[in-house]
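Please work through each task before reading its solution.

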Amino acid sequence: MATRASTKPGSRTSSGFEYVFPAIRGVQAGREFYVSMCPLRLIPKIFLFDDEELAAEVRAQRVLNKGRLPALAKYILDNPDDYVFSALTASVDGEMAFESIHDEGPGMRAGQIRIPMDARFLINDGQHRRGAIELALRENPDLGDETIAVVFFHDAGLARCQQMFADLNRHAVRPPRSIGVLYDHRDEDSALVRLLVLRSSVFTGNVEMEKSTLSSSSRKLFTLSALYFATQSLLQGIELEGQEEAVALAQAFWETIDATIPEWRLVRERKLSAPEIRRDFIHSHGIALHALGRLGNALLRESKSPKDWKPRLTPLERVDWSRANQDWAGRAIVAGRVSKNHQNVTLTVNYLRHHLRLPLGAEEQRVEEAYVRGDE
């Protein structure tokens, strides 16, 4: 990108200067648009947020969620050698003049666009990326020489900009949490749970690695995302010497739990099917795994070695995990469906603590009393 004085007759720029971006020209729905590479240092200066104080009907984008920006900025700063940001999409309220490098052939699509410096740039998609870039540049100005792809459209008025925002977000689908765990090589907890699945006979071949929900016909017992959150809860705040010790401890815990739940073993031995176990019992669902992880965390904090905590899990053999058990009503099952909100996880932990004769914490006691009173 360059800045230069404009010599074009009739230019709208009052200062006589314009932005010049290297660009490729394309056409969508009969309208020209341009793709360019923009230095990060320029992003906060020329791409504006819509006025947050305006009513939604006269804005062209959602209100910026500033709470998301620190995490996005940290992502850039912590991974300067391999962060990835997708393109920004912007509407330009001003003239855009495209100059191709050739008059015919493929060269007609490559060239540069000239935009007056008093033109208004409005982000249609990527405002949180823009805000994160601004925060990251304050910490590391050297990032300013790097670039991000920008797609420029002509601003055709508020209605068109609002429609662009709606269309760009209409079919956006966040990937399942399981595949995020599977593909995340930065997160230590993700790496740990992948190793756990690989090494433990309890989970090998029985974990859905891509989807975060299981179809009624799936032959898997667990999802990777459910095991991730459960194991994260299990090891939270436990001091361990590296990943190998963490994996070994998690494996020992889950194999101890496996010994108390005969249905898991019967599925591995193909004496029962995974679909019927998930249909009739709740112990392979995310809420049960999460609750068991939290329960295990409490035992690990109180114990000095497996000799201390393993025997204390034996009473779980007497837990009736079947959906037909009315004790789960309102606790783990709401309106006939397994519910995994925070309150239901806590109520399930409380139920398991009762079986192990463990006292409730203050928050757990509060949730339990509300449940007993019938509060919603």
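**Exercise 1.** Which residues in α7 meet which residues in α11?

*Solution.* The model is predicted, so local features need pLDDT of at least 70 and side-chain atom pairs count only at pLDDT 80 or more, while totals for chains, interfaces and linings use all residues. Residues are numbered from 1 along each chain as its sequence is written, and side-chain values use heavy atoms, with hydrogens and water left out.

Step 1. Apply the contact criterion, heavy atoms within 4.5 Å. From α7, the residues are Ala-226, Leu-227, Phe-229, Ala-230, Ser-233, Leu-234 and Leu-235; they meet Gly-286, Leu-289, His-290, Gly-293, Arg-294, Gly-296, Asn-297 and Leu-300 in α11.

Step 2. Sort these residues by class (nonpolar: Ala, Val, Leu, Ile, Met, Phe, Trp, Tyr, Cys and Pro; charged: Asp, Glu, Lys and Arg; polar: the others, Gly among them). The contact of α7 with α11 contains eight nonpolar, six polar and one charged.

**Exercise 2.** Determine how α7 and α11, and then α6 and α8, are oriented to each other.

*Solution.* Step 1. Helices are DSSP runs of H or I with at least four residues, and strands are runs of E with at least two, numbered from the N terminus. Axes are lines fitted to C-alpha atoms, for helices over the stretch in contact, and angles run from 0 to 180 degrees between N-to-C directions.

Step 1. The α7 and α11 axes come within 7 Å and cross at roughly 15°. Angles under 35 degrees count as roughly parallel, over 145 as roughly antiparallel, 65 to 115 as roughly perpendicular and the rest as oblique. α7 and α11 are therefore roughly parallel.

Step 2. For α6 and α8, the axes come within 10 Å and cross at roughly 50°, so this pair is oblique.

Step 3. Assign handedness (left-handed if the near helix is turned anticlockwise from the far one by less than a right angle, right-handed if clockwise). α7 passes α11 in a right-handed crossing, and the crossing of α6 and α8 is right-handed.

Step 4. In the second pair, Glu-188, Ala-191, Leu-192, Leu-195, Leu-196 and Arg-199 of α6 meet α8 residues including Gln-243, Val-247 and Trp-254.

**Exercise 3.** Which residues touch the most other members of the largest nonpolar core?

*Solution.* Step 1. A nonpolar core is a set of buried Ala, Val, Leu, Ile, Met, Phe, Trp, Tyr and Cys residues joined through side-chain atoms within 4.5 Å. Buried means under 20% relative accessible area, exposed over 50%, and partly exposed in between (1.4 Å probe, protein chains only).

Step 1. Of the 55 residues in this core, Phe-203, Trp-254, Ile-257, Leu-313, Leu-316, Trp-321 and Leu-352 touch the most other members. The largest share, eight residues, comes from α11.

Step 2. Examine Trp-254. Beyond four places in sequence, the residues touched by Trp-254 include Leu-196, Phe-203, Leu-227, Ala-230, Leu-289 and Gly-293.

**Exercise 4.** Where do Arg-270 and Ala-335 lie?

*Solution.* Step 1. Arg-270 has a positive phi of about 60° although it is not a glycine. Its place is in the loop between α9 and α10, and Arg-270 is exposed, with a relative accessible area of 78%.

Step 1. Ala-335, likewise not a glycine, has a positive phi of about 55°. Ala-335 belongs to the loop between β12 and β13 and is exposed at 77% relative accessibility.
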